[in-house]
Amino acid sequence: MQARTKLRELRKYLSPLIPPSPSPQNGRAPLNLPKKPTYSASDRALVGSWKQYLKWEEGNPLEIEDKSAFIVRMQGVYRKAVVRMRFFSEIWFMAYSWTNGAGRAEEAHQLLKSGMEANPSSFILNFAYAEAQELAKNYADVHTTFANLLQVVQKELDELEAKMAELSEPNASQENGMNLDVPDSQHPVDLSQGAGLQKEASIATIASSSSTTSSEETPIAKQYKERKQEYGLIYVMYIRFALRAEGLPASRAVFTKARKDKYSPWEVFEAAALMEYHVAKESAVANRILSVAMNKFGTEIDFVVRYLTFLMSINDETSECHPLILSS
């Protein structure tokens, strides 16, 4: 009776995991390969079903007394899971966490590497791998991991920026109408710089829509804003690692790289400044960092509020942030 009960439970968990096989074509069954997620309702339901099944298996519902046999079973279960759900990083992370907890560190390490190959932009896998390598004092691998993740996300931001520029061009043409080719005598157009300036202004206009209500944002602008914040998170984690592992000079070197990156949001500057203030006890350096950020992000309300909060916390009433706010 116990075996039948467990079999019914197993079938209940397995039934939503494997879709029905497509009808054969030319006498051969078509390949049912894993697909990249579209984050639709069906994808979310599928991931949820896999998580429920894997947690059920981890609880050893079949009551396998031989620990080695149970580990072998779970390894097989997770191998099937990462094959079927290759492009879902949370399944890879579950496989890594269980395998590492079972004392199979080398296999867990290989699972992380394979998961990162399938999902190079996954934060959870890259951060887990960086943490594991930091604990092993393989600092060179950690630097490489952060650099690769920054490169992948930067490529995505470049693509989003190009899409926003394409979307802005028809709108600009409609607004200008036939006057695109006829310069105003009172406002002559510098044709040598006009195209570049127009592109930069269009991108800035779409990106700045993040400061308005969410209902006014285009989907691409919203995605660009969110991905840019995530890009900043990578730098923040990178700076913190460098500070922990290699000291303040290494942390400052990473921030110097971030400061020159056009996609770095203000959160990176704030994080670097707060580390200078709380860890290095360098309030002057922290203030200089935020002052530089003020020149770059002075129109972003969230940053200005954070900067004012910092100035008030150190009783600074002379910094340039105050007259800028008053004048606005």
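Reader: What pLDDT does the protein average, and what share of the residues score at least 70?
Author: The average is 85, and 79% of the residues score at least 70. pLDDT is the predictor's confidence in each residue, from 0 to 100. This is a predicted model: local features need pLDDT of at least 70, side-chain atom pairs count only at pLDDT 80 or more, and totals for chains, interfaces and linings use all residues. Residues are numbered from 1 along each chain as its sequence is written, and side-chain values use heavy atoms, without hydrogens and water.

Reader: Over which residues does pLDDT stay under 50?
Author: One such stretch is residues 208-215, for which the model has four contacts beyond four places in sequence. Another is residues 322-328, with seven such contacts. A contact means heavy atoms within 4.5 Å. Where pLDDT is low, the predicted coordinates should not be read in detail.

Reader: What makes up the secondary structure of the protein?
Author: It comes to 14 helices and zero strands. Both are DSSP runs, numbered from the N terminus: helices are H or I with at least four residues, strands E with at least two. Among contacts between residues at least 6 apart in sequence, 61% join residues at least 24 apart.

Reader: How do you know what span is expected for helix H12?
Author: The expected span is 1.5 Å times one less than the number of residues. H12 (residues 283-297) has 15 residues, and 21 Å is expected. From first C-alpha to last, H12 reaches 20 Å, close to that value. Its buried residues include Val285, Ile289, Met294 and Phe297.

Reader: Why does Gln133 count as buried?
Author: Its relative accessibility is 5%. Buried means under 20% relative accessible area, exposed over 50%, and partly exposed in between (1.4 Å probe, protein chains only). At 5%, Gln133 therefore counts as buried. Gln133 is found in helix H6 (residues 123-135). Neighbours within four places in sequence aside, Gln133 is in contact with His109, Asn138, Asp141 and Val142. In the protein as a whole, 36% of the 328 residues count as buried.

Reader: What makes Glu57 and Arg73 a salt bridge?
Author: A salt bridge is a side-chain nitrogen of Lys or Arg within 4 Å of a carboxyl oxygen of Asp or Glu. The side chains of Glu57 and Arg73 meet at 2.8 Å, N to O. The pair therefore meets the cut-off. Glu57 lies in helix H2 (residues 41-58) and Arg73 in helix H3 (residues 67-84), so the pair ties together parts that are 16 residues apart in sequence. Glu57 is buried, at 1% relative accessible area. Arg73 is partly exposed, at 28%. A search of the whole structure finds ten salt bridges.

Reader: Which residues are linked with Arg227 in a network of salt bridges?
Author: Glu156 and Glu230 are linked with Arg227. Arg227 and Glu156 have their closest N and O atoms 2.7 Å apart. This pair links distant parts of the chain: Arg227 is in helix H9 (residues 219-246) and Glu156 in helix H7 (residues 139-176), 71 residues apart. For Glu230 and Arg227, the closest N and O atoms are 2.4 Å apart. These two both lie in H9, three residues apart, about one turn of the helix. An α-helix has 3.6 residues a turn, so residues three or four places apart point the same way.

Reader: What makes a set of residues a nonpolar core?
Author: The residues must be buried Ala, Val, Leu, Ile, Met, Phe, Trp, Tyr or Cys, joined through side-chain atoms within 4.5 Å. The largest such core has 47 residues; Phe146 and Phe303 have the most contacts inside it. Helices that each supply at least two residues include H6, H7 and H12. The largest share, eleven residues, comes from H9. Phe146 touches Phe127, Ala130, Ile234, Met237, Tyr238 and Phe241, not counting residues up to four places away in sequence. A second, separate core of 31 residues includes Tyr13, Trp56, Ala81 and Tyr96.
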